[in-house]
Amino acid sequence: KALAHLKDNPDSYEAYNNIGLVYLQGQKYNDALQYFDKAIELNPTAGNAYFNRALAYSRLQNNQMAIVDYEKFIKLKPNDPNIDSAMKEVERLKQL
């Protein structure tokens, strides 16, 4: 479904983000990163794409990049329901 949306809307950050989520859920983290990168390139204020990319970086144990993206998410989306988990994850990763 997201691929069809992407074909019709090649500049849709949502489509790239959604495809990234499919790869993230399938534990294909490097593939997911490529789609999250493109989503962020298309919409640098898309907080959810930073959150999702942080998850992928975290799964790849790239803790510094995960922290950067979680912090960007926190700045962009201070009222998001995922804010508490993002802040806890930043603290956890900083202790590693």
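1. Salt bridges overall. Searching the whole structure turns up five salt bridges. Keep in mind that this is a predicted model. Side chains of opposite charge can pair when their charged atoms come close. I'll go through some of the pairs below.

2. Arg53 and Asp37. These two form a salt bridge, with the closest N and O atoms 2.8 Å apart. Arg53 sits in helix H4 and Asp37 in helix H3, so the pair ties together parts that are 16 residues apart in sequence. Is Arg53 buried or exposed? Arg53 counts as buried, because its relative accessibility is 12%. Asp37, at 34% relative accessibility, counts as partly exposed.

3. Arg53 and Asp69. Arg53 also has a salt bridge with Asp69, and here the closest N and O atoms are 2.5 Å apart. This pair links distant parts of the chain, with Asp69 in helix H5 and Arg53 in helix H4, 16 residues apart. Asp69 is buried, with a relative accessibility of 2%.

4. Glu41 and Lys38. Here is a pair within one helix. The side chains of Glu41 and Lys38 meet in a salt bridge at 3.3 Å, N to O. Both belong to helix H3 and are three residues apart, so about one helical turn separates them. Glu41 counts as exposed at 56% relative accessibility, while Lys38 is partly exposed with a relative accessible area of 26%.

5. How H3 sits against H4. Two packed helices are described by the angle between their axes and the distance between the axes. For H3 and H4, the angle is about 155° and the axes are 9 Å apart. The cut-off for roughly antiparallel is an angle over 145 degrees, so H3 is roughly antiparallel to H4. The crossing of H3 with H4 is left-handed. On the H3 side, the residues in contact are Tyr29, Leu33, Phe36, Asp37, Ala39 and Ile40. They meet Ala49, Tyr50, Asn52, Arg53, Ala56, Tyr57 and Arg59 from H4. Sorted by class, that contact has nine nonpolar residues, one polar and three charged.

6. How H5 sits against H6. Helix H5 covers residues 63-76 and helix H6 covers residues 83-94. They pack at about 150°, with their axes 9 Å apart. H5 and H6 are therefore roughly antiparallel to each other, and their crossing is left-handed. H5 brings Asn63, Ala66, Ile67, Tyr70, Glu71, Phe73 and Ile74 to the contact. H6 answers with Ile83, Ala86, Met87, Glu89, Val90, Leu93 and Lys94. What is the make-up of this contact by class? It has ten nonpolar residues, one polar and three charged.

7. Two glutamines with positive phi. Most residues other than glycine have a negative phi, and most peptide bonds are trans. Gln27 has a positive phi of about 60° although it is not a glycine. Where is Gln27? It lies in the loop between helix H2 (13-25) and helix H3 (29-42). Gln27 is exposed, with 58% relative accessible area. Gln61 also goes on this list, with a positive phi near 60° in a residue other than glycine. Gln61 is found in the loop between helix H4 (47-59) and H5. At 69% relative accessibility, Gln61 counts as exposed.

8. Ala32. One last residue to look at. Ala32 is part of helix H3, and at 0% relative accessibility it counts as buried. Which residues does Ala32 touch, not counting those up to four places away in sequence? Ala32 touches Gly20, Tyr23 and Leu24. As for Asp84, the C-alpha of Ala32 is 23 Å from that of Asp84 in space, and the two are 52 residues apart in sequence.

Note on methods
Residues numbered from 1 in each chain as written. Predicted model: local features only at pLDDT ≥ 70, side-chain atom pairs only at ≥ 80, totals over all residues. Heavy atoms only, no water. Axes fitted to C-alpha atoms, helices over the stretch in contact; angles between N-to-C directions. Helix = DSSP H or I, 4+ residues; strand = E, 2+ residues; numbered from the N terminus. Parallel < 35°, antiparallel > 145°, perpendicular 65-115°, else oblique. Left-handed = near helix turned anticlockwise from the far one by under 90°. Contact = heavy atoms within 4.5 Å. Nonpolar A, V, L, I, M, F, W, Y, C, P; charged D, E, K, R; others polar. Buried < 20%, exposed > 50% of the residue type's maximum accessible area, 1.4 Å probe, protein only. Salt bridge = Lys/Arg side-chain N within 4 Å of Asp/Glu carboxyl O.
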